Amino acid sequence: MKKCEHFRDLILTDHIDGQLDKNAAGSLENHLLKCSDCREFFKEIKDKATLPWAQALRQPVPAELWIKIQEKIENEERSSDLISDLLDRIKGLIVYPRLVPVLASLVLMLLVGSVTVNTIQIKQAQEKDQGEYLVSLLSSSSQAESNDLGTPIEHYFL
Amino acid sequence: MEDIAKDILIRASQGDMRAFEVVYKASSSFVYNVALRVVNNREDALEVSQEVFLIIHHKLKTFRFESSFKTWAYRITANTAINFAKKSSRAKTVPFEESFGEGAVLNEAHTQMDQEQQNQIVEKLLGELNPDQRACVVLRDIQGLSYEEIAQALNININTVRSRLKRSREKLLSVRRQVDYEKV
């Protein structure tokens, strides 16, 4: 029956948990007086689906739990102390503001110096290469001349 | 869970370990027992409880007292335990029928049962439910929270609380009927 279905839904939740308002509770009580199947269902639900929980004992909290929690918190605090100590040291370096522009200009000078030296070296290397190339050209033409023995038959063939 | 004075919470949030110990003592029984029933074994419950208190310790600094500490702690506990149970395959236990199908005294009064057996029955019955259903049943039937409190703790609406409880109880009823049927 649809009515029974509705009342059984109420039995399974609000009625068993004492959450029904007076009107709804009254109409359910009236129905239970008339309907033996729903009465039986209510008894069964109470005994089989809610009673085991009522008899479930609260378990004592193991003593080791607090010890473990304390250890974890102390470890975390120690590691966060280390990090904040490191950050403080870094900050400590930055506290001396005069050092910063001096260091920055030193780094800049080193950079500019190294770039200039590099450019000069490259230029010198290029000039040296060009000179060597011209010398090698001259020497190859003089070598060709030195292969000429100056005989008429060679002149003829050359 | 016991109420905790605001000044204790403020001191704990400022790193006072003695104040945090007061917070721990007031809430550890709730946290551990919810964790134990949702993850359904002791080792995992310890791990979950530890995580819950570390989260509380970290987040107390940003706690603004807009909601009650209890509701806030319920939420952290339930979410941490549910997430752990969903990830962990260990939460799945042997089906209730297999464990208690034969020889178990399952009369409704349970008067003859010793505490150990009672506890095993609770564990096995919870093993029949999924982590979301388990959390609802634990918060309602074992911890006695109202629908409103459960809805806030799990961040769901009240009708979802109702439907999860309804399905859980239907499931438990069918498991218990099955056991009774097999015994006959």
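Student: Among contacts in chain B between residues at least 6 apart in sequence, what share join residues at least 24 apart?

Tutor: This is a predicted model, so read every value as computed from it. In chain B, 70% of those contacts join residues at least 24 apart.

Student: Which secondary structure elements does chain B have?

Tutor: Chain B has nine helices and zero strands. Its pattern along the sequence is α-α-α-α-α-α-α-α-α.

Student: And how many helices and strands are in chain A?

Tutor: Chain A has six helices and zero strands. Read along the sequence, that gives α-α-α-α-α-α.

Student: How should I read a nonpolar core?

Tutor: Start with the general idea. In soluble globular proteins, nonpolar side chains tend to be buried together. Now this case. The largest nonpolar core holds 58 residues. Those touching the most other members are Ala35(B), Val38(B), Val39(B), Ala78(B), Ala81(B) and Ala135(B). Helix H2 of chain B, residues 17-39, gives this core its largest share, 12 residues. Both domain 1 (1-92) and domain 2 (93-184) of chain B contribute at least three residues each.

Student: Which residues does Ala35(B) touch, not counting those up to four places away in sequence?

Tutor: Ala35(B) touches Ala45(B), Val48(B), Ser49(B), Thr77(B) and Ala81(B). One of these, Ala81(B), is also on the list of core residues that touch the most other members.

Student: How do I read a single helix?

Tutor: Think in turns. An α-helix has 3.6 residues a turn, so residues three or four places apart point the same way. Take helix H6 of chain B, residues 115-127. H6(B) has 13 residues and reaches 18 Å from its first C-alpha to its last. That is close to the 18 Å expected at 1.5 Å a residue.

Student: Which residues of H6(B) are buried?

Tutor: They are Ile121(B), Val122(B), Lys124(B), Leu125(B) and Leu126(B). Note that the list includes a lysine, Lys124(B).

Note on methods
Residues are numbered from 1 along each chain as its sequence is written. Chains are lettered from A and ligands numbered from 1 in the order in which they are written. This is a predicted model: local features need pLDDT of at least 70, side-chain atom pairs count only at pLDDT 80 or more; totals for chains, interfaces and linings use all residues. A nonpolar core is a set of buried Ala, Val, Leu, Ile, Met, Phe, Trp, Tyr and Cys residues joined through C-beta atoms within 7 Å. A residue is buried if 20 or more other C-beta atoms lie within 10 Å of its own, exposed if 12 or fewer, and partly exposed in between; C-beta atoms are placed from the backbone. Helices (H or I, at least four residues) and strands (E, at least two) are DSSP runs, numbered from the N terminus. Domain bounds come from an automatic or database domain assignment. Two residues are in contact if their C-beta atoms, placed from the backbone, lie within 7 Å. The expected span of a helix is 1.5 Å times one less than its number of residues.
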